[in-house]
Amino acid sequence: MEQIICKNLSFSYPLSDSNTLESINFSIKKGEFVVLCGKSGCGKTTLLRHLKKELTPAGKRSGEVIFNGAEISTLGDRDAASKIGFVMQNPESQIVTDKVWHELAFGLENLGEDTASIRLKTAEMATYFGMQDMFDQKISELSGGKKQMLNLASVMVMNPEIIIFDEPTSQLDPIAAGNFLTAVSKINRELGITVVMTEHRLEEVFSCADRVIVMDSGRITIDCTPDELSEKISGTDEFVKLAMPASIRIHSQLSKGKSPLTVNSGAKWLSSLFEEKKLETTRIEPKEFEIKSNAIEIKNVFFRYEKNSTDIIKNLSLDVPEGSIFAVMGGNAAGKSTLLKILSGALKPVSGKIKIFGENIKKSGASVVAMPQSVEALFTRKTVREELAEMKASAEKTEEVIILTRIAGLLDRHPYDVSGGEMQRVALAKLLLKDPGILLLDEPTKGMDAEFKTVFAEILYKLKSKGKTVVMVSHDIEFCSVCADFCTMIFDGAAACVRDSNSFFAGNKFYTTSANRLSRHIFENCVTDKDVIELCKKNLK
Amino acid sequence: MKSAFCRCHPAVNLIFFGGVIVFAMLLNHPLFLGISMLSSLAYAVKLKGKPMLKTFFLFLFPLLIGVTLINALTAHYGVTKLCTLWDGNSLTLESIVYGAVTGALVVITITWFMCWNEVVTEDKFMHLFGKRMPHLALLVLMVLRFVPLYINQLKEVMDARKNAGLESEGKFAKIKNACHAVSGVVTWALEHSIETADSMKSRGYGLKGRTSYSRFTLSPADITMVAAMIILITVIAAGKIFGSINASYNPVIRLSGATPLLIFTAAFYAFYCFLPIFFDIEEEIRWNRLYAKT
Amino acid sequence: MNVKKIAVISVLLTAALIAAACITSQFLSGKEFYYPMAMLIIVTACVPFFISFEKNRPSARELVVLACMSALAVASRAAFYALPTVKPLCAIVIIAAVSLGPQTGFICGVLSMFASNFIFGHGPWTVFQMLGMGAVGLIMGLIFYGRKIRSSRILLAVIGGIISFAVYGLIVDISSVLMMSTDFSLSQILTIYASGLGYNLSHGITTAAILLVAGQIFIEKLDRIKIKFGMF
């Protein structure tokens, strides 16, 4: 049965002459898992909001949105609230009350349910999502992943038929994001709830999605199953290709037809490709990096937050070569962010030595700047221009940085009115005006789509070519593999090892890129798509 | 739990604290004030531990003295003149005693409120008033959610600015920097509120007939407590109305004597004021007995 | 319902209760009834505002902005805990009143005092503080909301300072008088008021200073959100 039908939906915002949505036609069956993707600013969010009566934006609209056989605007308020759920991007700002149990009850209170039925329903939901332990907790004590899970649960408790997700994992680390997507696919499979989702991380959702809809500047350009999409991928835009899982990306460069969707099937396909063939080159040589001197030298550093607490950083020693892009990886609470704070001078180590460009850390103040995880913390002014002016840099310097970070078009906008990826670049620009020798980045790719990531990587390359050192803490394996010269893993407060990124990821078994996992049984040292494609082409000739 | 009384239904807590505070104001006979002060301090020490003793000696006791002094020096009623002050007015015994009584009342009220703050948490408060005013109750909840969020964000902004090299030396520059940080937090808070509003609307906020959920249910122990408190309150009120407990300090100190009715009412009053402590003791005994058996 | 009507109802109700209290106090002996009665009167004064707020069923956006402003006020009181006379709370309530209206100002004042006492501890003074701050919000809203003088920096600061000194100080110190005075003679009342004068004065001055420095910037931010929300 068709649950949602969009017929010729067009929409434009007030004071805008172009249509944000242009004759959109699609239908969604009950129980389907639909992934919607497209560049940022292509109208994804606007479209999603048309599927939820309360959030439909004001503006000029034509065409129809039909939910369960009736136009969505004629749907009763009560049904509209309970039958269609909506989960947004930012886990923090969707939460209304201060305790977990109250947040779960919030929707039911609005529906006017009595105490007994709220008690039953919240109990059921808390049990289903495994939240019994945190039922009494204050929400401010939860991690981001838990908060987003709570947002899902407090929508689920209203018994929706369909849930709409607007980039639900973009603010989460990969592990929390994985857990969240697993929970979503579980409610889809087990409870038959329809899921409509926009998502950057196609790698994980691709295998559980029934359909993929691709949008470009307000229109639907592709609407098919993941299988079908993998066949016609070579004919699509660059951003669609970038967003695809590694197996599809590699396959589309080498052969035609149906692509493997997972790492496992990708590996099998690669084996079949070279069956009974003699391989000439099976190894890629790591990029050379000539170490002249070290930008940062950390020797035997210990750190703990309180006198009697356990050490967060234990006997950590690390050298960061000057002019390199250096990635620090590791799980949650491994001490990565603490290390960044120590390097930026915000925290002082209990013992050990840190030298920055050969000098003691205290003296080098201005040459190290750090970009916080949520860049909004850097914005205090009315326009981007004023934000930059705050740094008191010369006009030429400002001009140079604006060009480097590509924010010339944003100068007169309010910093909160630009998109997530743009915000990141404005923050970077602000920091670069200090002309730092060392740039510290905390999870810089959080919330960026694949296309923004390539732009961001290019900016980092340019900085590197100017001799700047970049240290980033990140969970983003794919990004680090492409971008970093050196990688290290922090575990239990100490750095496990420092290697060039190729040997680092090739040496790991799990904590490595999809391209590596799918090619490691044939090739050595292949970490990025490019590596795999290069070797395949060499051998296939 | 600091006290078994905390586990009681909010209505039980409300009746109890309402009772002790109103009685403290109405029964200004020294015996009754003494009972109330002793019980409030005892319970406050039980709830807050040793720091409460420090609070008493460093804040509450000086307060009592202060109120007594203000009264003694500014009020000049009374018949028992002790001496003449520098401004020609006389210092009277009545004004000192009445001042001390008033000071004691101030201390008692504050101490009972200290206990109230420990026992009646936000959740309990919301249970008591949320049913009548669901929107205001929600508003309070949202404020309680936002406050730690904003304080945390202020820390983030200060850190971010420090790490961006925006912190400058000098007192004036520091204040200016803090102002910018606060301004950043305000913008952040307001901008994010848009998403919160959307999230509320999408979960049906604004529908007619919003209810207010709370997790408290009346247990048999709660009902026993309510019944006991009603009986005690009735007896004490009857004692007051029938004139067994009178005290006036102006112009002459006149106190009800130790009549049987007064002693009787005082005993009931003491039982009422020590109720939470008795409740705790009862719970302790029961627990020990259970533990001993197994 | 119009906020002026509500205010009038509230004032009439309060006056009636005070009159009733004066009459009954002739029959009751002693001052021990004064404090409970004053608390009762104050709560009654707030009730018309609360009822009208509940009846209007505020929209999600109004509610969120109100919660946001009140939370900022509470957080500011918590942030300056060490300096008791620097209370940006009052300035924030005034800003909310000036840019969102007198009724919102009243609720914001009442709410931020109430909620902040969950951090600082409730006492018998809570109701007085609530009404006092609510009254500051109400009066500032009635003077400035939707008028041209709103954009005058100096007027806002001066009047804001005076109102927070006089109105808030007056109402809150009633609590101290009722608590501490025994004979309610003029000299005693004046002594108690005088003891609070320094505090009230510095409260008024800091409020004026904060409004002078940050008032307009803050109002601009709220205006931006109002446009984004399409509210009020």
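Residues are numbered from 1 along each chain as its sequence is written, and chains are lettered from A and ligands numbered from 1 in the order in which they are written. In this predicted model local features need pLDDT of at least 70, side-chain atom pairs count only at pLDDT 80 or more, and totals for chains, interfaces and linings use all residues, while side-chain values use heavy atoms, with hydrogens and water left out.

The size of an interface is often given as the accessible area lost when the parts come together. Between chain B and chain A, contact (heavy atoms within 4.5 Å) involves 46 residues of chain B and 64 residues of chain A. The buried area, that is, the accessible area (1.4 Å probe) that two parts lose on being put together, summed over both, is about 4,800 Å² for chain B and chain A, with 53% given by carbon and sulfur atoms. Of the area that chain B buries against chain A, 20% is supplied by Arg145(B), Arg203(B) and Tyr213(B), more than by any other three residues. Seven salt bridges are found across the interface of chain B and chain A, a salt bridge being a side-chain nitrogen of Lys or Arg within 4 Å of a carboxyl oxygen of Asp or Glu. Asp123(B) and Lys99(A) form a salt bridge in which the closest N and O atoms are 3.0 Å apart. The interface of chain B and chain A also holds 29 residue pairs in polar contact, both residues being at pLDDT 80 or more; a polar contact is a pair of N or O atoms within 3.5 Å, where, within protein, one must be able to donate a hydrogen and the other to accept it, and residues adjacent in sequence count only if both atoms are side-chain atoms. On the side of chain B that touches chain A, at least two residues are supplied by each of α5 (122-130), α6 (134-163) and α7 of chain B, where helices (H or I, at least four residues) and strands (E, at least two) are DSSP runs numbered from the N terminus. The residues on this side of chain B comprise 15 nonpolar, 17 polar and 14 charged, with Ala, Val, Leu, Ile, Met, Phe, Trp, Tyr, Cys and Pro counted as nonpolar, Asp, Glu, Lys and Arg as charged, and the others, Gly among them, as polar.

Chain C meets chain B through 50 residues, which are in contact with 52 residues of chain B, and the two chains bury about 4,700 Å² between them, 76% of it on carbon and sulfur atoms. Three salt bridges are found across the interface of chain C and chain B, and Arg224(C) forms a salt bridge with Glu191(B) in which the closest N and O atoms are 2.6 Å apart. Twelve residue pairs, both at pLDDT 80 or more, are in polar contact across the interface of chain C and chain B. The side of chain C that touches chain B draws at least two residues from each of α2 (34-55), α3 (60-79), α5 (102-120), α7 (153-180) and α8 (186-229) of chain C, and α3(C) gives the most, with 13 residues. By class, the residues on this side of chain C are 31 nonpolar, ten polar and nine charged.

Thr187(B) lies in helix α7 (residues 171-202) of chain B and is buried, with a relative accessible area of 6%, where buried means under 20% relative accessible area, exposed over 50% and partly exposed in between (1.4 Å probe, protein chains only). Not counting residues up to four places away in sequence, Thr187(B) touches His414(A), Tyr416(A) and Lys221(C).

A search of the whole structure finds 35 aromatic pairs over all chains, where rings of Phe, Tyr and Trp (its six-membered ring) pair if their centres lie within 6.5 Å, and planes under 30 degrees apart count as stacked, over 60 as edge-to-face and the rest as tilted. The rings of Phe11(A) and Tyr13(A) are edge-to-face because their planes stand at 85 degrees, with the centres 5.0 Å apart. The rings of Tyr98(B) and Tyr249(B) have centres 5.0 Å apart and planes at 20 degrees, so this pair is stacked. Tyr98(B) belongs to helix α4 (residues 93-119) of chain B and Tyr249(B) to the loop between β3 (247-248) and β4 (254-255) of chain B, so the pair ties together parts that are 151 residues apart in sequence. Tyr249(B) is also among the residues in contact with His29(B) when neighbours within four places in sequence are left aside.
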